[in-house]
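Trainee: I would like to learn how to read a few features from a model. Can we go through them one by one?

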Amino acid sequence: MPVKKTGYTNESIKQLKGADRVRLRPSVIFGSDGVEGCQHSIFEIISNSIDEAREGHGKLVRVIRHADDAITVIDRARGVPVDYNPAEDRFNWELIYCELYAGGKYENADGENYQYSLGLNGLGACATQYASEYMRVESRRDGYKYALSFIKGQNIGGLVKTPYDKKDTGTITSWKPDLEVFTDINVPQSYFTDTLKRQAIVNSGITFEFTDEKTGEDFTYLYPEGIVGYVKEMAGENPLTQVCSMAFETRGRDRADKQEYNLKAELAFCFSNDVNQIEYYHNSSFLEYGGSPDKAVKAAFLAAVDNLLKNNNLYKKDEKKLTFADIEDSLILVSSSFSNITSYENQTKKAINNRFIQEALTEFLKKQLEVYFIENKAAADKIAAQMLINKRSRETAEKTRVNLKKQLSSGVDFANRVEKFVNCRTKDINRREIYIVEGDSALTSCKLGRDAEFQAVLPVRGKPLNCLKADINKIFANEIITDLIRVLGCGVEVKAKGAKDLNSFDLDKLNWNRVIICTDADVDGFQIRALILTMIYRLMPQLIPAGKVFIAESPLYEITSGKNTYFAYSDKERDQVIKKLSGKVNIQRSKGLGENEPEMMWRTTMNPETRRLILVRPTDAVKTQEMFDVLLGDNMRGRKAFIEENGHRYVEWGLEN
């Protein structure tokens, strides 16, 4: 009986050949076998058209996403050279579409074809072809139309060459990413729109069109001013400073024994109080993680702004220097660099690590910023002032975060730390309700009138701080607010400069199924209700779309007829109740919550069977924010206009009928 071979033997060593080099290991080439890898395979084909357009051959790149997730890329360039190559004694189509590390971009260090190339590594067209269910290529050049067809990495029918008497040239590539290679080929529309927009930004004058047959939408991107136009677009109408651009070209090497190469770079930036965004591109590829240019920008801006503050004696005595985070809070910057030798961190090209690029960019930026601050004193003064505001806001927020963490530290029963808070018995979050009531007297009525099994009560002592107008430090120094944060338990979500570290919001940690605001039906009660809503809106905005915030309606009128008592929540409802009653009717305005008997509180405000709760909905977030700003913010002119137009609807004139 033959002995079966087992274990690690000479026969265990195998070599992947042909299409299997990609199809069986797509993540090695594309960085992932999921949708991200599929996206990268698409960009490899788009990048070839971009390289041609940037070399001056064609000004249009068109991309179509078909309903079945197939892709078509069309350009008006020179057409892919696919005919016989005497130097290699093979057809070029075999080299381009069937051989990894083959292409026309390896002589770029000497300034020949594609000096600054996206598709530098010679993998793209071949790797994408190998990873496709099918691929069809049509190339128009040299008076011929060339057609190629591939199925699952295998050529079908060779090269089909027919005369073409029209003058247009270019390439059409259609293919479908293969689900046998990628786990997901449903690339989101945003990938196409984001990618093509970015390419339009860093390739000024080239038009990028995208047709999405899945949705029937068309998109066109063109930036005649390139990155300068893009920075202007992001900055909007009122930036802190106007857009500044600077550019340079140089040569150098990453190490003494390495080859010298060309580098050119352009940067555009401005400062803003409303927007902050930094983007890096190299050879028009978006660098998600930056690498060398990111390190250069951080080092140069930090040094330059720090010198600006020092030279103008703007630091206080013993004050710590600013960090790049303080600059970044107000900086809009786009860097676009090109080099004919590039060291990417990997094939997906999300960062570069060229030492020379980092050093050259740093030195150039430092000098240019120094000149910029001298020549633009008004802008420099604005920048210096804003940087100190950002820095001191961050430092204040850091102190606040430490104090808040101490106040809200986990592991301690919040019931023992919040004055006059009355908890409920159940631990079932799906049943627990918290009533936020107005004052100690309302606390007593609600405490006695509630169902202690699932209803808790927290009194608000005095008027809460206006969270739209107060700064972060004052907000978290306010006892009413910190008590409420402790009781709710879900943390906060702060959108303010220097306050990123304060964000701790987690909806799953909310201690309650319903947060119910319960105030008197008078002017003071409405104001307290608005201030509590404002606090939730600013610090815990997700509670509102999650359907967790309610307003408990309090009755306006108490109507008695004989032994029966009725409650009306509006004038209209009062009139309807009176119509239905016969005999003597006594009508009186309802007392404040604190004056109500517990039985009345249960019946009108707390009993789930009879109470009236209004769910606070984010039906129009923009209008809600605008109204909060008008009523409670700094928009004094808007508030005055609103009162003049609408005040009569809310003021009781006290006139007798």
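Trainee: Is Cys38 buried or exposed?

Mentor: This is a predicted model, so keep that in mind throughout. Buried means under 20% relative accessible area. Cys38 has 0%, so Cys38 is buried.

Trainee: How many disulfides does the whole structure hold?

Mentor: Zero, by a search of the whole structure. Take Cys126. The nearest cysteine sulfur belongs to Cys98 and is 6.3 Å away. A disulfide needs the two sulfur atoms within 2.5 Å, so Cys126 is in no disulfide. Cys126 also counts as buried, at 1% relative accessibility.

Trainee: Next, charges. What is the nearest side chain of opposite charge to Asp75?

Mentor: Arg140, 6.4 Å away. A salt bridge calls for a side-chain nitrogen within 4 Å of a carboxyl oxygen. Asp75 is buried and has no salt bridge.

Trainee: Where is Asp75, and which polar partners does the side chain have?

Mentor: Asp75 is found in strand β2, residues 71-75. The side chain of Ser49 makes a polar contact of 2.7 Å with that of Asp75. The backbone nitrogen of Thr171 lies 3.0 Å from a polar atom of the Asp75 side chain. Setting aside residues up to four places away in sequence, Asp75 touches Ser49, Leu60, Arg140, Thr169, Gly170 and Thr171.

Trainee: How should I read a positive phi?

Mentor: Start with the general rule. Most residues other than glycine have a negative phi. Now the cases here. Asp142 has a positive phi, near 55°. Asn313 is not a glycine either, and its phi is about 55°.

Trainee: Where do Asp142 and Asn313 sit?

Mentor: Asp142 is in the loop between β5 (132-141) and β6 (144-151). Asp142 is exposed, with a relative accessible area of 56%. Asn313 is in the loop between α8 (292-311) and α9 (324-328). Asn313 is exposed too, with a relative accessible area of 67%.

Trainee: Last topic, the cores. Which residues touch the most other members of the largest nonpolar core?

Mentor: That core has 60 residues. Val22, Ile42, Ile46, Val63, Tyr97, Phe192 and Phe208 touch the most other members. Helix α3 (residues 35-54) gives the largest share of this core, seven residues. Apart from it lies another core, of 44 residues, including Phe271 and Leu308.

Trainee: And what does Val63 touch?

Mentor: Leave out residues up to four places away in sequence. Val63 then touches, among others, Ile46, Ile71, Val73, Phe192, Leu196 and Phe210.

Note on methods:
Residues are numbered from 1 along each chain as its sequence is written. This is a predicted model: local features need pLDDT of at least 70, side-chain atom pairs count only at pLDDT 80 or more; totals for chains, interfaces and linings use all residues. Side-chain values use heavy atoms; hydrogens and water are left out. Helices (H or I, at least four residues) and strands (E, at least two) are DSSP runs, numbered from the N terminus. Buried means under 20% relative accessible area, exposed over 50%, partly exposed in between (1.4 Å probe, protein chains only). Lys and Arg count as positive and Asp and Glu as negative; His and the chain ends are not counted. A polar contact is a pair of N or O atoms within 3.5 Å; within protein, one must be able to donate a hydrogen and the other to accept it, and residues adjacent in sequence count only if both atoms are side-chain atoms. Contact means heavy atoms within 4.5 Å. A nonpolar core is a set of buried Ala, Val, Leu, Ile, Met, Phe, Trp, Tyr and Cys residues joined through side-chain atoms within 4.5 Å.
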